[in-house]
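Open the model in your viewer and keep the selection tool at hand. We will go from stop to stop, and at each one you will hear what to select and what is there.

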Amino acid sequence: MVVEQRSVVGMQVRSGMAPVLQRVDVRGTVAGLLLELNVEQHFHNASQQNVEVVYTFPLPYGAVLLEMACTLGERVLSGEVLAAAQGEQRYEDALEQGDTPVMVQTAGAGHSTLNIGNLQAGESCVVRYRYAQLLSYVQDQIRIAIPTVIAPRYGNPASAGLLPHQYPGHDVLADYPCTLQLQLQGALQSGAVSSPSHALSVRMADGSLQLSLDKSARMDRDLVVLIDGLQGQSLAVCGKDEVSGEQVVLASLCTDAAGTVDEQPLAMKVLVDCSGSMAGDSMHSTQRALLDILAQLQPHDSLSLSRFGSTVEHHNAGIHAVSEGVLASARSWVKALAADLGGTELKQALSSTYRIVGEADVLLLTDGQIADVEALIEQARVGRHRIFVVAIGVAPAGNLLQRLAEETGGACEFVSLRDDVRAAIVRTFHRMRQPPVQQLALDWQADSSWQLAPRKVLFAQETTHALASFAGQLPEVARLAWQRAGQPGELTLALGSQMPQLTGDTLARVAASMRLSGFDTEQQLAMALAYRLLTDGTRLVLVHERAEGEQASTPAALHQVPQMLAAGWGGTARVARPAPAVYRRGIAASVVACRENGMEQYDIPAFLRKGRNGVRDIAQERQVERDAVQKFIDKLARYWKAGQADSLIPATLAEWSESLSESLNRMLMDLLLDGADERQIIAAFLSVLAGIAAQQGYEPALCHWIEQQAAASTRQLETQISDQLTELTDWSVTRGLSLPLRLARQLRHERPPRRFVEIGFLKAGAD
């Protein structure tokens, strides 16, 4: 299947040549807030011809590529950083001579391109590269995202500065396995570790928390690890700069919630991506997010609604104050959304949204799959709107979307297709409603050779990184000052001898990479060469010199390694939800000892506990769901006895979100997004609950009251809900009630038999 380049680049089905990329292995550590990853890409030429392999791969936002090495046969070679022209000439010369050169260069928007020249028939090679990235606390959470795939992009790649061989083509039949081993060191071990993207196994070994992926993982989505429940901490580390001989200090400062101000009314222009790439799970998740957004709005808020693809459609002529009528219209609009507007013309959509009359922030829901990044960023800088992004999907364009948010003073939240949408929306709204932290200034209280200032704008309970270099004695403290809604704030961080000393030159090279933007082109090149950095002006190159007689004798055929198609992209398939994996280290009454596998003690929820064979305990999971249903019925019973039960019958499903389990919420929301009427879903669920309450021996009068609330129910919905509850809970859940209750339901619009009135089960005149 070949799709026009202007819409989606390089979509195809390959036949003939076997895949050259075999698998990718990722190993890494997180120490403090510094992530270091070693990535191994395994290649094998199973064809009968000499090939030149070209593979464009993604890097995380802000990552610094530090080194590259290659194993070919018995030899292990390390790459060196050369000026672009020199590196390319060396590569071409070696290619012509029949040797095997390897080169890595940047390919725009957080991507890099690998070239392996003259990989001969039957040969294998392993390319290794290492990169580092600074992580951040965001409202007590740290998110680690390791991209493995570049989803199809809309637009012309040449406009983003890509050469034809760098275009990341896609093959719907490509299948590349990947592995992950990640060690968490220090304070991060105390958090609750989970992954919305993959099933994780976790164990304690050698003083670190070690995470690994299930062997079935594929390179069709980002590898995402979330560490929650952390108290945002300010940390400092230092490391030796081998180039200057000085010490580089990194201060990672987390502004706390002290001095919190009142939340402000929200004015926002909601802009929803309805392009073709959002079809399927992405659109489904977007609708979930929008329904959660509407549930969070208050009467003093205001909004407009727009959707875009190749064109832009505005639901409102302007920004309207929130009212019941506005919300009802908005919910209907959300339920009708579809990925039917063609390509992702985001630049045009933002321009049109800026012109909607009224001062407001833009809330953008998209996967960001476009090619022309720089033009969009430049437009955003002059747009004078803060842009808050909810990035939807298993492989969103993270580099673009985070830059777009930061350049405008907004923020970006990522939501995997089966992730907790509600938590992301709550965090986004918390940022949008609260005034930002501004006018940040850091006083190192010591003379430095250079300084990198903290970000100009951030939000409370978030991390900003500052760096400085010192030739003499290290400073004892660093003091950060800021303003927030006219109120001053201050944070003091101890440094001096208390700082951990990092080995190696990683910190100094990361700092050098962050400093590059402050220099002209000539100075950037000099610094990149001195610190061995891969930039637009440099190349990482190595050459495997073959013995005479072993050199390639025929020109290499170009082989572009296609990307896997991102899971669920464009509605091609539903994305399976990974097995739950949430682990929290701690000592509590509910701690589960898992020492057989080398684990320490972990507070693992019952539904996540594993049996001796490592398989999830399905019976425990079902017990958790049964408990959730029972707990909700108990709540209904308490309110009913107090005469307040009517307050628990909602007008929308969102009003139940805090009372039901995640699985129950998802089950009911799926029915809504599949087109069922919201009132009928609520009624059908209550009708099924009435049957469960009767089976569990609750008071008949309570069961009857619950059933009375189900007047709008339909048998079809009741059957769907009861079948799904049976699967979740392993109860024999039926929509039928006890005989009197069934008859009562049948007689809602008829006169009840006299004997039921006489025995007092139904009051005279009851419906």
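The tour starts with confidence, then visits a helix, a sheet and a single residue.

**Before you start.** This is a predicted model, in which local features need pLDDT of at least 70, side-chain atom pairs count only at pLDDT 80 or more, and totals for chains, interfaces and linings use all residues. Residues are numbered from 1 along each chain as its sequence is written, and side-chain values use heavy atoms, with hydrogens and water left out.

**Stop 1: colour by confidence.** pLDDT is the predictor's confidence in each residue, from 0 to 100. The protein chain averages 81, and 85% of the residues score at least 70. Now select residues 1-15, where pLDDT stays under 50, and then residues 736-767, where pLDDT also stays under 50. Where pLDDT is low, the predicted coordinates should not be read in detail. Among the elements of the chain, strand 38 (residues 592-593) has the lowest mean pLDDT, 30, while strand 7 has the highest, 97. Helices (H or I, at least four residues) and strands (E, at least two) are DSSP runs, numbered from the N terminus.

**Stop 2: helix 1.** Select residues 84-96. This helix of 13 residues reaches 18 Å from its first C-alpha to its last, close to the 18 Å expected at 1.5 Å a residue; the expected span is 1.5 Å times one less than the number of residues. Which residues of helix 1 are buried? They are Ala84, Gly87, Tyr91, Ala94 and Leu95. These residues sit on the same side of helix 1, because they cover an arc of only 110° around the axis, taken from the directions from the helix axis to the C-beta atoms. Turn to the other side to find Ala85 and Glu96 exposed. Buried means under 20% relative accessible area, exposed over 50%, and partly exposed in between (1.4 Å probe, protein chains only). The buried residues pack against several strands, including strand 4 (51-58) and strand 34 (538-544), with contact meaning heavy atoms within 4.5 Å. Just after the helix, look for Gly98, which takes a positive phi of about 90°.

Stop 3: Two strands pair if DSSP finds at least two bridges between them; strand 31 (residues 477-484) is joined to strand 32 by 8. Pick Trp482 and you will find its bridge partner, Gly489, in strand 32.

**Stop 4: Gln247.** Finish in strand 19 (residues 247-254), where Gln247 lies. Its neighbours by contact include Cys238, Phe470 and Leu474. The side chain of Gln247 also makes a polar contact with the side chain of Gln501 (3.2 Å). A polar contact is a pair of N or O atoms within 3.5 Å; within protein, one must be able to donate a hydrogen and the other to accept it, and residues adjacent in sequence count only if both atoms are side-chain atoms.

Notes: Lists of a residue's contacts leave out its neighbours within four places in sequence.
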